Amino acid sequence: MSKKSRVMNVLQYVVLTILSIISIFPFFWMIIAATNKSVDVTKGTMVPGTYLLENIKNLMGSDLQYLTAFKNSLIIAVVTTALAMVVSSAAGYAFEVYKSKARDRVFSIVLLSMMVPFAALMVPLFRLFSKFNNIPVLKWIGLNSTGSVIIIAVATAFLIFFFRQNTKTFPRELIEASRIDGLGEFKIFTKIYMPTMKSTYAAAVVVTFMASWNNYLWPLIALQSEEKRTLPLVISAMGSSYTPDYGMIMTAVVIATLPTAIIFFIMQKQFVAGMTGSVKG
Amino acid sequence: MNKHSVSNRLNRRAWLFIVPSLVLLVSFVFYPMIQAFFTSFQTGIANNTEFGGLANYQRLITDSTFKKALFNTVLFLIIQVPVMILLALIISSMLNNKKLKCRGLFRTAIFLPCVTSLVAYSIIFKSLFANDGFINGLLMNLHVIGEPINWLTNATFARILIIIAITWRWTGYNMIFYLSGLQSIDDSIYEASSIDGASAFQKFRYMTLPLLKPIILFTTINSTIGTLQLFDETMNITQGGPANTTITISQYIYNLLFKYQPNFGYAAAVSYVIVVLIVVLSFIQMKVGDRNE
C-alpha cells in the first residue's frame with residue numbers, strides 16, 4: 001500500500017468514527033439526562049446519575065397524564081398496524097395476482113397519492129372529520145377520537161406498493177395448486193399467502209408501527225382533549241414549557257423511544273427492508 | 001382471450017380485495033385533495049364563507065408571513081438536501097469497502113437516528129442547543145466562542161440549527177438506500193479500476209455516482225417532498241421563531257387553522273402552493289435525471 005493510500009485509509013476511520021459519535025451522542029446524552037437532576041443536566045454532567053427513579057416518579061405524578069398517552073399511543077399503533085396489514089396487503093396482493101388492464105390503471109392512480117403532501121390535506125380532513133362527529137354511525141372516527149387517527153393510516157399507497165412488489169416473488173404454482181385443492185380465493189390469501197410472506201409482513205409491521213408511533217401532525221390536529229393525547233403530543237407540550245425539567249423531559253423521551261429502539265435492535269434487517277421498501281427472500 | 005385474463009368470478013373477487021383500500025384512499029386522500037382545491041376559492045372565517053374567486057391567491061402575493069414561510073422552506077431545501085445527499089453518498093462509499101473493519105458497527109451507529117420520532121429528537125436538540133445547554137458549554141470550554149450562542153433566538157443560528165438537526169436525523173436513512181444500491185454493483189469493477197490506478201475520488205465521481213443515479217434521483221425527490229412539508233422540527237425546536245425566521249409553509253397552514261381565527265379558504269390556497277412546488281420540482285428533477293443519461 002502506498003503512503004498516500006495509507007493516509008486515506010486512516011482518514012476514513014477517523015471520519016467514520018467522528019460521524020458515528022455525532023450520531024450516537026444525542027442518545028447517550030438523553031440517557032445521561034434521564035438519570036440526573038435537571039440542575040445537574042444544565043451544569044453539563046456527563047456521568048450517569050442515580051435520579052432516574054425520581055424522574056420517573058415526577059413524570060408519573062405530574063398532570064401530564066403520561067401513562068394515558070403511552071396507552072393511547074400503543075392502542076393506536078397496534079390497531080393501525082393490524083388493520084393495515086390486512087387491508088393494504090390484500091390490495092397489493094390482488095393488484096399483482098389478478099392482473100388486469102383496469103386494475104393496473106387504478107394502481108397508477110393509487111401511486112399518485114404518494115405525491116400528495118399531508119399539508120394539502122390538513123384543511124379538508126379537519127373539516128371532514130368534524131362532520132363525522134354529527135353522524136351517529138361515524139362518531140367513532142370523528143375529531144377527538146382514537147379512531148380518527150387509526151382510520152387514516154390503514155390504507156397507504158406505500159404499503160400497497162410494497163406488498164405488490166413483494167408479491168412478485170410469491171410462487172404462482174402455490175395459488176394454482178390450492179385452487180385445485182378446492183380452496184377459495186380468500187382462503188388462499190389468508191392460509192397460503194400470509195404465512196408464506198412472513199418476512200414481508202415483518203418489514204411492513206415494523207415500518208407501519210414506527211410511522212404510527214411517531215406520528216405528530218394529524219394527532220395534533222385531530223386529538224384536542226388531554227385524555228386522548230399520544231406520546232409525541234405530550235412530549236411536545238413538555239418541551240415547550242418555560243421552565244423545562246430536563247431530567248423529567250428526557251425520561252419521557254427515553255420511554256417513548258424505547259419501543260422503536262427495541263424493535264430496531266431485534267429486527268434490524270426487517271427494519272431496513274421496510275424503510276427502503278425492499279425485501280429479499 | 002389470452003391466458004392472463006381472469007374469469008368473471010375471479011374478477012369480482014379481485015375487486016373485493018382492493019375495494020377497502022380504495023374506499024379509504026378516496027375518502028381520505030383524493031376527495032379531500034379536490035375539496036381543498038375548491039375551498040381555496042372561498043373567503044371568510046370558519047364556516048361563514050363565500051366564493052371569493054382568486055382573492056386568496058392574490059393575498060398570497062402580498063402576505064409577508066407567507067413569503068417568509070416560502071423563503072425558509074426553499075432555503076432549507078436548497079441548503080440541507082444537497083449537503084445531506086452528498087454526505088450520505090460519501091459515507092456509503094466508505095462503508096462499501098469490504099476491507100473496512102467494524103463496518104456493521106459504523107453502519108448501525110449512523111443509521112440509529114432513524115429510530116427516533118421527529119418530536120423526540122427535536123426536543124433533544126432543543127435541549128442540547130439551549131442557551132445553557134451542552135453545545136454552548138462544549139464550544140466555550142474549547143474556546144471556540146466566548147459567549148453562549150443564542151441558537152434558538154438568533155435568526156441565522158436558528159436556521160443553522162434546524163439544518164443541523166434535519167441532517168442528523170435523515171443522513172443515515174439516505175445512506176441505507178445508497179448502500180443497498182452499491183451492494184448490487186459488482187466489486188470486480190472497483191478492483192479493476194484500482195489496478196488501473198484510479199484514485200478514490202475518481203472512483204466516486206466516475207463510477208459510484210453514475211451507477212447510483214436512479215437511487216440518487218429517488219432519494220432527492222423523496223427528500224424534496226419531505227422538506228417541503230417540514231413541520232415537526234420547526235414546531236418543536238424553534239416554534240417557527242424568532243420572528244417567523246424558521247416558520248415553514250406547513251406550520252403557517254397550521255397557524256392559519258388553529259392559532260388565529262380559522263381561515264379554511266386561505267389555508268387551502270397556501271397548501272396548494274406546496275402541491276404545485278412538489279409537482280414542479282419532482283418534474284424538473286426527473287427531467288434533469290433523464291438528460292444526463
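Biologist: Into which domains is chain B divided?
Modeller: This is a predicted model. In chain B, one domain covers residues 8-51 and the other covers residues 63-291. The names asked for are domain 1 (8-51) and domain 2 (63-291).

Biologist: How far apart are the C-alpha centres of domain 1 and domain 2 of chain B?
Modeller: The two domains are in contact, with eleven residues from domain 1 of chain B and nine residues from domain 2 of chain B. Their C-alpha centres are separated by 32 Å.

Biologist: Which element gives the most to the side of domain 1 of chain B that touches domain 2 of chain B?
Modeller: Two elements give two or more residues to that side, helix H1 (8-39) and strand S1 (42-45) of chain B. The residues there divide into five nonpolar, six polar and no charged. The element that gives the most, with four residues, is S1(B).

Biologist: Which element gives the most to the side of chain B that touches chain A?
Modeller: The contact between the chains takes 69 residues from chain B and 66 residues from chain A. On the side of chain B, 48 are nonpolar, 17 polar and four charged. With 18 residues, the element that gives the most is H1(B).

Biologist: What radius of gyration does chain A have?
Modeller: Chain A has 15 helices and zero strands, and its C-alpha atoms fill a box of roughly 75 × 70 × 35 Å along the principal axes. A compact globule of 281 residues would have a radius of gyration near 19 Å. For chain A the value is 23 Å.

Biologist: What percentage of the residues in chain A is buried?
Modeller: A residue counts as buried if 20 or more other C-beta atoms lie within 10 Å of its own. Of the 281 residues in chain A, the buried ones make up 42%.

Key
Residues are numbered from 1 along each chain as its sequence is written. Chains are lettered from A and ligands numbered from 1 in the order in which they are written. This is a predicted model: local features need pLDDT of at least 70, side-chain atom pairs count only at pLDDT 80 or more; totals for chains, interfaces and linings use all residues. Domain bounds come from an automatic or database domain assignment. Two residues are in contact if their C-beta atoms, placed from the backbone, lie within 7 Å. Ala, Val, Leu, Ile, Met, Phe, Trp, Tyr, Cys and Pro count as nonpolar, Asp, Glu, Lys and Arg as charged, and the others, Gly among them, as polar. The radius of gyration is taken over C-alpha atoms; the globule rule is 2.2 Å times the number of residues to the power 0.38. A residue is buried if 20 or more other C-beta atoms lie within 10 Å of its own, exposed if 12 or fewer, and partly exposed in between; C-beta atoms are placed from the backbone.
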